[in-house]
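Colleague: I'd like to learn how to read a model like this one. Could you walk me through it, feature by feature?

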Amino acid sequence: MQRRNYLMAAFCLLFLTIFTIGCEQRGQTVATPVTIPEGEKDPAVWGKVYPLHYDSYLKNSEKTKGYSRYRNDNEDRLSPWPFQLVLFDGWGMGIEYNEPNGHTDALKDQIKIDASRRKAGGVCLSCKSPYASELKKRLKVDYFSKPYDEVWKEIPEKHSEMGLVCADCHDPKTMDLRINRWPLIEALKAIGKDPDKLTRQEMRSLVCAQCHVDYKIPKDKDNKSIGLLFPWKYGKWGNITIEAVIRQIKEENLREWKHKVTDQKMGHIRHPEFELFSSHGNVHWAAGLACADCHMPYERVGKEKISSHRWESPFKKNMKACMQCHNQSPEWMKEQVLNIQDRVNHMFTKAGYSVARAALMIELAEKNPRSDKALIKKAKEVYEEAYYRNTWIGAENSMGFHNPPEALRVLGDALDQGRQAEMLAREAIIKAGANPPELDMAKIDQIVAERYKSKNGKTGIKPKVQRKAALLVQR
């Protein structure tokens, strides 16, 4: 009897062990002992070790429509706010400017867009290809200055359309987060933040900040690109403001293009998501949240819990990311986000038309040979300040949600400065003995429709695209 009980106990233990091992093997993220070589770019190789994360990553190529009132994959981003065609006249952004598709399609999007957007040269690849840092190291200044197509051809053919990959954010041996783009390392040092002493939570934002930031492309005397930098020098960790960025643009003359309407050289502002998110006024940053908390929420796959590697707006997942902290319904949270975005869009519309009105008034003043040149010069200086502020929010990809009070502050200043610049130009025209016209929103729309009419259906103003410039009283 004792021997029989012993055998039964041994059998049960063996069965339990086999059952447990079997369950663990089916659910493990690490499916095989494949080693990922240093420098491996192909995400499919990483996917052999991390299949669940790879499946999630592949979903970035799926197109999503109708999830947001202000942002949708691959939509025209100029025509919904017509005043932008006046502000960007003379710049590639004013020819074709679309919403991006998923990160996996970043390079494909760039290859398809109007060639004017790639005029800066190989430097344009810096956030579109995982080969950017290697190309910069090998080609040195040629990486920045050579024509885009010449540098693009240096990418191995099999990866010539490959967008962002695992290697852009992860160490293949430890899977730790790491920074691969040199401008971010230099920018962190510039504000006194040691890039070798970053916390994991800081890294969960900073790997995104490798690209989701404003950047500048310094030029030589022949206007050829010679570098790439983030203008953070006068900012602080947790407070990189538009004022700090403007100071660096002016002091280092980081002006890259000539605005046709006001006939002056200008800098430009590109998607400052990290700067706006981390600046004073954002309750989520103050509470210690990182970009990944909202854009890479945890999800359950079978019995595994992984961080989503489909980088997207919480709107696309019915506010699931928000519900990790908030206990209200998804519908309630959507309403709060839209209330904020509608008000930021109201101010973006008012400020945008104010700045466009200033540009058109300066243009009229310039055409009158008797206009006061000193007044025009002052109007241009104020216009430049207004342009940067309005674009700081317009180019940022959350319609102000990443930091509502800061977005409204910046747009309020842009509105005021646009008005100041307009008044200076008006005074110059009046002093010359002429009567400046009234330019309301409808009149500016009419000017845009006539001046920037699309010749090919791909560039310029597209009348059939849904208008998003709106004042709340118009709803």
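Modeller: Happy to, and keep in mind that this is a predicted model. In helix H9 (residues 182-190), the buried ones are Trp 182, Pro 183, Leu 184, Ala 187 and Leu 188.

Colleague: Why would residues three or four places apart in a helix point the same way?

Modeller: An α-helix has 3.6 residues a turn, so residues at that spacing end up on one side. In H9, Leu 184 and Leu 188 are both on the buried list.

Colleague: And what covers the buried residues of H9?

Modeller: The cover includes helix H6 (132-139), helix H7 (141-145) and helix H10 (200-206).

Colleague: Which residues are buried in helix H11 (residues 242-251)?

Modeller: Ile 242, Ala 244, Val 245, Ile 246, Gln 248 and Ile 249. Their cover includes H16 and helix H17 (404-431). After H11 comes Asn 253, again with a positive phi, this one near 50 degrees.

Colleague: Let's move on to helix pairs. How do I read the way two helices pack?

Modeller: Look at the distance between the axes, then the angle, then the residues that touch. Take helix H15 (residues 330-367) and helix H16 (residues 373-394): their axes come within 10 Å and cross at roughly 155 degrees.

Colleague: Are H15 and H16 roughly parallel or roughly antiparallel?

Modeller: Angles over 145 degrees count as roughly antiparallel, so H15 and H16 are roughly antiparallel to each other. Their crossing is left-handed. On the H15 side, the residues that meet H16 include Val 344, Phe 348, Ala 351, Val 355 and Ile 362. On the H16 side, the partners include Ile 376, Ala 379, Tyr 383, Tyr 387 and Ile 393. Sorted by class, the contact of H15 with H16 has 14 nonpolar, three polar and three charged residues.

Colleague: At what angle do H15 and helix H18 (residues 441-451) pack?

Modeller: About 65 degrees, with their axes 10 Å apart. An angle from 65 to 115 degrees counts as roughly perpendicular, and H15 and H18 are therefore described that way. H15 passes H18 in a left-handed crossing. Here H15 contributes Thr 349, Tyr 353, Ala 356, Arg 357, Leu 360 and Glu 363, while H18 brings Met 441, Ile 444, Asp 445, Ile 447 and Arg 451. That contact divides into six nonpolar, one polar and four charged residues.

Colleague: Now the strands. How do I read a pair of those?

Modeller: Check the direction of pairing, then find who faces whom. Strand S3 (residues 298-301) and strand S4 (residues 304-307) pair in the antiparallel sense over four bridges. Tyr 298 stands opposite Ser 307, and Val 301 stands opposite Glu 304.

Colleague: How many residues lie between S3 and S4?

Modeller: Two, and the strands form a hairpin. Gly 302 in its turn has a positive phi of about 65 degrees.

Colleague: Which residues other than glycine have a positive phi near 55 degrees?

Modeller: Lys 140 is one of them, with phi near 55 degrees. You'll find Lys 140 in the loop between H6 and H7, where it is exposed at 58% relative accessible area. Asp 263 also has a positive phi near 55 degrees. Its place is the loop between strand S1 (257-259) and strand S2 (264-266), and at 42% relative accessibility Asp 263 counts as partly exposed.

Key: Residues numbered from 1 in each chain as written. Predicted model: local features only at pLDDT ≥ 70, side-chain atom pairs only at ≥ 80, totals over all residues. Heavy atoms only, no water. Buried < 20%, exposed > 50% of the residue type's maximum accessible area, 1.4 Å probe, protein only. Contact = heavy atoms within 4.5 Å. Axes fitted to C-alpha atoms, helices over the stretch in contact; angles between N-to-C directions. Parallel < 35°, antiparallel > 145°, perpendicular 65-115°, else oblique. Left-handed = near helix turned anticlockwise from the far one by under 90°. Nonpolar A, V, L, I, M, F, W, Y, C, P; charged D, E, K, R; others polar. Pairing = 2+ DSSP bridges.
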